[in-house]
Amino acid sequence: MQEKQDQPLKSSPGKGHPALKAFMCGSLSGTCSTLLFQPLDLVKTRLQTLHSNMQPGSARVGMVTVFLSVVRTEKLIGLWKGVSPSFVRTIPGVGIYFSTYYSLKQHYFLEQGPGAMESVLLGAGARTVAGVCMLPVTVLKARFESGRYNYVSVAGALRSVCQTEGPRALFSGLTATLLRDAPFSGLYVMFYSQGKKTLPQEISTSPYAALANFSCGILAGVLASLVTQPADVVKTHVQVSPHLYRRTADAVRYIYNEHGFQGFFRGGVPRSLRRTMIAAMAWTVYEQLMARMGLKS
């Protein structure tokens with residue numbers, strides 16, 4: 001009799017669909033990491049779009065120069081320009097990603113964990129769903145950070161784009177975005193999950209498990225960022241200046257003709273730092289929150 005009375009109390013914290021819990025955990029983890037690392041994303045976007053304002057033969061501009069320029073001309077708060085669309089994208093976007101990832105994993109790999117290639121497909125599939133859903137906000141975010149548009153608010157930017165360029169402009173750079181995000185997420189999940197498997201059992205069950213997972217996340221982020229950096233440069237060009245490129249291939253051709261092969265890695269350092277830290281933190285926080293809810297992430 002006593003056991004039957006205790007059972008509802010034990011399960012009461014677990015009310016709600018597991019996918020919804022994954023959505024909430026993902027949204028919270030993404031919000032924290034975005035707020036911390038938004039300056040790196042802004043610097044990355046400025047570096048990638050700086051070429052149009054430079055004269056041939058001009059000295060190369062680096063990450064530190066752009067950082068100091070933003071602080072000098074726009075104050076310290078200028079480093080968080082574009083954080084509003086980042087939040088609008090991150091809170092539902094990361095939530096959609098993690099809930100999709102959790103649902104796919106529970107559906108196809110309930111009995112046995114995914115292997116390396118299966119992890120790639122899981123991560124890429126979840127990111128594709130989230131990327132398509134949040135692409136309009138991604139476009140607005142890139143324009144906010146570029147400094148070329150005088151948008152005051154996310155709603156105002158949305159209205160301006162629809163009135164002057166049409167709704168189709170909100171989906172500019174879709175191909176480049178998916179070519180960047182799907183492989184990044186797939187490779188990240190593979191490197192991250194395989195890295196965690198190499199950890200000794202005593203570390204995985206110790207109080208230092210979160211730190212160990214974070215370290216695996218950093219390594220996975222660096223490797224995945226290097227592979228997908230060219231697609232990120234192309235995506236930024238297409239979304240910031242859609243009138244210059246009719247197709248993604250036009251942006252690829254322009255970047256190569258103007259800057260050579262190294263042009264595809266412009267802004268690689270701040271992006272790698274940001275993506276690596278955001279992904280590592282998001283996954284660590286997500287897994288900790290899921291564990292507290294009694295769910296296996």
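**View 1. A nonpolar surface patch made by Val-64, Phe-67 and Leu-68.** In this predicted model, the patch spans about 270 Å². Phe-67 is a residue of helix H3, which runs over residues 63-74. Phe-67 has 34% relative accessibility, so this residue counts as partly exposed. The class lies between buried, under 20%, and exposed, over 50%.

**View 2. The largest cavity and the residues closest to its centre.** Searching the whole structure gives 1 cavity of 30 Å³ or more. The largest cavity holds about 490 Å³ of space. Its lining counts 30 residues. Closest to the centre are Arg-89, Val-94, Arg-127, Arg-275 and Ile-278.

**View 3. Helices around the largest cavity.** Two or more lining residues come from each of these elements: H2 (18-49), H4 (83-108), H5 (116-146), H7 (174-197), H9 (209-240) and H11 (268-292). Helix H11 contributes the most, with 7 residues.

View 4. Residues 114-198 are 78% helix and 0% strand. The end C-alpha atoms of that span sit 15 Å apart. For residues 208-292, the chain is 81% helix and 0% strand. Here the end C-alpha atoms are separated by 16 Å.

Conventions:
Residues are numbered from 1 along each chain as its sequence is written. This is a predicted model: local features need pLDDT of at least 70, side-chain atom pairs count only at pLDDT 80 or more; totals for chains, interfaces and linings use all residues. Side-chain values use heavy atoms; hydrogens and water are left out. Patches are made of residues with over 30% relative accessible area and no salt bridge: like charges are joined within 9 Å, nonpolar side chains (Val, Leu, Ile, Met, Phe, Trp, Tyr) within 5 Å. Accessible areas come from the Shrake-Rupley method with a 1.4 Å probe; for residues, only the protein chains shown count as cover. A salt bridge is a side-chain nitrogen of Lys or Arg within 4 Å of a carboxyl oxygen of Asp or Glu. Helices (H or I, at least four residues) and strands (E, at least two) are DSSP runs, numbered from the N terminus. Buried means under 20% relative accessible area, exposed over 50%, partly exposed in between (1.4 Å probe, protein chains only). On a 1 Å grid over the protein atoms alone, a cavity is a set of points where a 1.4 Å probe fits but cannot get out, and a pocket is an open set with protein on both sides within 12 Å along at least five of seven lines; lining residues have an atom within 4 Å of a point. Grid points are joined across faces, edges and corners, and a volume is the space filled by probe spheres set on the points.
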